[in-house]
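I opened my notebook for a quick look through this one. Here is what I looked up, entry by entry.

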Amino acid sequence: MNTAPQTPTSRTAGRPQGAALDALDFTNRITDLDPQLLREVTPTPLSQPRLLHFNRALAEEIGLDTAAAQDPAFVAAMAGNRRVEQ
């Protein structure tokens, strides 16, 4: 068993632990490409999205508050029904 202390990754350094979904870095490098290579579309919303699985270990690793999984806004964002603003 690895008992060495874990250090924050470059993605989580400086971010408070237990951050809300809107505080996470959703950098989209695809949008930095030539505009001819992509097309923005509006997703079709799901009528009754629900969370099937939540990886608590990963949430903690990226600094996401694990209580966020209970928030309907989190489920809507993960389903594509809600845009996460930067």
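I began with Ala-77: neighbours within four places in sequence aside, Ala-77 is in contact with Leu-21, Arg-82 and Val-84, contact meaning heavy atoms within 4.5 Å. I kept in mind that this is a predicted model, where local features need pLDDT of at least 70, side-chain atom pairs count only at pLDDT 80 or more, and totals for chains, interfaces and linings use all residues. Residues are numbered from 1 along each chain as its sequence is written, and side-chain values use heavy atoms, with hydrogens and water left out.

Next I looked up the largest nonpolar core, and it has ten residues, among them Ala-77, Leu-21 and Val-84. Such a core is a set of buried Ala, Val, Leu, Ile, Met, Phe, Trp, Tyr and Cys residues joined through side-chain atoms within 4.5 Å. Buried means under 20% relative accessible area, exposed over 50%, and partly exposed in between (1.4 Å probe, protein chains only). I noted that 19% of the 86 residues of the protein chain count as buried.

I then checked the secondary structure, which comes to two helices and zero strands; these are DSSP runs (helices H or I, at least four residues; strands E, at least two), numbered from the N terminus.

Is Thr-42 buried or exposed? I found Thr-42 exposed, because its relative accessibility is 73%. Thr-42 sits in the segment before α1 (56-62), and its C-alpha atom is 9.3 Å from that of Gly-80, 38 residues apart along the chain.

Last, I looked at Ile-30, also placed in the segment before α1. Ile-30 counts as exposed because its relative accessible area is 51%.
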